[in-house]
Amino acid sequence: MKDVYERLLAATSLRSLDAAVRIVAEYEPLGGQGDPLFPPTVTSQGSRTAGYLIEPRYVEGEQAEAVVLDQRQSQANRCETALLNAIRGGSAFIPHVELRAEAEGVPVRISNLEAPHRSRDAYFRDATDAAGTRFDDTEAGRALRDARAGDYSAYLRLVPTDLAYGVWDSHRKRRIQVKIPRAYTSEMVGIAPLVGVRAAGRVDPLNLAGDTVEVTDTGWVPAAAGKPKKGTTTARMSELGHGMIPPTEGLGGVSVTAVQRHATLSFAQLATLRFGAADEEFTAAGRALVAAIALLGDRLAFAAPALHLRSGCDLVMVSERIEWVQRGHGGQRGADPLAISTGEQALELFGIAAERARTAGLQWADEPLAVQPNPSLLEAIRKSFLIAGIGEVEGE
């Protein structure tokens, strides 16, 4: 791993022929090739109907249809979840911001590895420190808020995963906002999809009548005879989880010829990261550390033989290729195998990178930066844990 680190150190500052790390993996459904898989559903802006993301792609030089099984944002979230599990499991520590609260006796924890907009999320904008100071007015909050393209040292020190997966400070009104492009990307697609259909319904063992009832704050009661009073909320029994629902046609997943994952780690993007007045040794070590974090997240999330994306989309790995992508020569593309296929190897590489960065002068905390919700946010969090009546049945 020391040799891998030295190569990474040079590559992330574009001081070698290496341009990126590329990972290409092929999967198949647990039930075998052709077994239906369920991609994420999206709503068409034109028709407002649910469907799948299907688009033309080139596959081995030939045009083919591809269905998106997992988007870039989702793949990054899987890496962040894997990193957070490693942090909380004690196998690695990476600095992060964590919102802590309690609602209805339930502990609430949200870190920048989970929040939709990472460290720039509204959860942290609406947080305070233990003394009640707005997070954005604390020393750490100001450092993150005031970072700029020439100085991302606060991000490297406080929330380094943001530098790997990208962040945009869109929740704060400023003429110049922090906007860091992602260095790591990954996506999973299915090739040549055939879209299926399925019938979904509900069988009630007691065959309760599908009457209309009145919905109250605590439940429901049989509807009064005649026209309900103005302001009364009504619903069919089937909408509240009782009675029969006749089968109706819905999306039935896709059958594909292959499932592919393509991931890249861009050294060109990492080479743009600068940390203020830091010298070149610190800058290079910081870039290599961000790269090691990205590789660690990928290996912890995707090195296993099986992968669960969502209900109805479980996959088994068929093959995987991890390589250094190099500058071409004489019209030929360049690539070398990268010997970092397991989570254990990635943890070793991360340990080397973290130690080298500390030697170069990086100071990392050994505990999360804890904040708490302000009163308004805390009330909103508490409301989300309250049971207020009954809800309507959603499709499965």
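# Exercises on a predicted model

Glutamate 280 and arginine 274 form a salt bridge, with their closest N and O atoms 2.9 Å apart. A salt bridge here is a side-chain nitrogen of Lys or Arg within 4 Å of a carboxyl oxygen of Asp or Glu. The model is predicted: local features need pLDDT of at least 70, side-chain atom pairs count only at pLDDT 80 or more, and totals for chains, interfaces and linings use all residues. Residues are numbered from 1 along each chain as its sequence is written, and side-chain values use heavy atoms, with hydrogens and water left out.

## Exercise 1: salt bridges

Task: Classify glutamate 280 and arginine 274 as buried, partly exposed or exposed. Then follow other salt bridges through the chain.

Solution. 

1. Apply the cut-offs: buried is under 20% relative accessible area, exposed is over 50%, and partly exposed lies in between (1.4 Å probe, protein chains only).
2. Glutamate 280 has 48% relative accessibility, so it counts as partly exposed. Arginine 274 has 31%, so it is partly exposed.
3. Look for shared partners. Glu55, Arg57, Arg72 and Glu187 are joined into one network by such salt bridges.
4. Take arginine 310 and aspartate 70. Their closest N and O atoms are 3.0 Å apart in a salt bridge. The pair links distant parts of the chain, 240 residues apart: arginine 310 sits in strand β18 (residues 306-310), aspartate 70 in strand β5. Helices (H or I, at least four residues) and strands (E, at least two) are DSSP runs, numbered from the N terminus. Both arginine 310 and aspartate 70 are buried.
5. Turn to glutamate 114 and arginine 88. Their side chains form a salt bridge at 3.7 Å, N to O. Glutamate 114 lies in the loop between β7 and α3, and arginine 88 in helix α2 (residues 72-89), 26 residues apart. Glutamate 114 has a relative accessible area of 38%, so it is partly exposed. Arginine 88, at 45%, is partly exposed.

## Exercise 2: a helix on a sheet

Task: Find which residues of helix α10 (residues 375-384) are buried. Then place the helix against its sheet.

Solution. 

1. Leu377, Leu378 and Ile381 are the buried residues of α10. Seen down the helix axis, they fall within an arc of 100°, so they line one face. The arc is that of the directions from the helix axis to the C-beta atoms.
2. The face turned away from the buried side carries exposed Pro375, Ser376 and Lys383.
3. Cover for the buried residues includes β6 (97-103), β7 (106-111), α3 (122-125) and β21 (369-373). Contact means heavy atoms within 4.5 Å.
4. Order the sheet. Its four strands run β7-β6-β21-β8; the sheet is open, with mixed pairing. β7 and β8 (127-128) are at the edges with a single partner strand each, so one side of each lacks a neighbour in the sheet.
5. Two strands pair if DSSP finds at least two bridges between them. β8 and β21 pair antiparallel over two bridges. Threonine 128 stands opposite glutamine 372 in β21.

## Exercise 3: an enclosed strand

Task: How many residues of strand β11 (residues 184-191) are buried? Name its antiparallel partners.

Solution. 

1. Seven of the eight residues of β11 are buried, so the strand is largely enclosed by the rest of the structure.
2. β5 (residues 62-70) runs antiparallel to β11, joined by four bridges. Valine 68 has valine 189 as its bridge partner in β11.
3. β17 (residues 258-266) is joined to β11 by eight bridges, also antiparallel. There, glutamine 260 is the bridge partner of valine 189.
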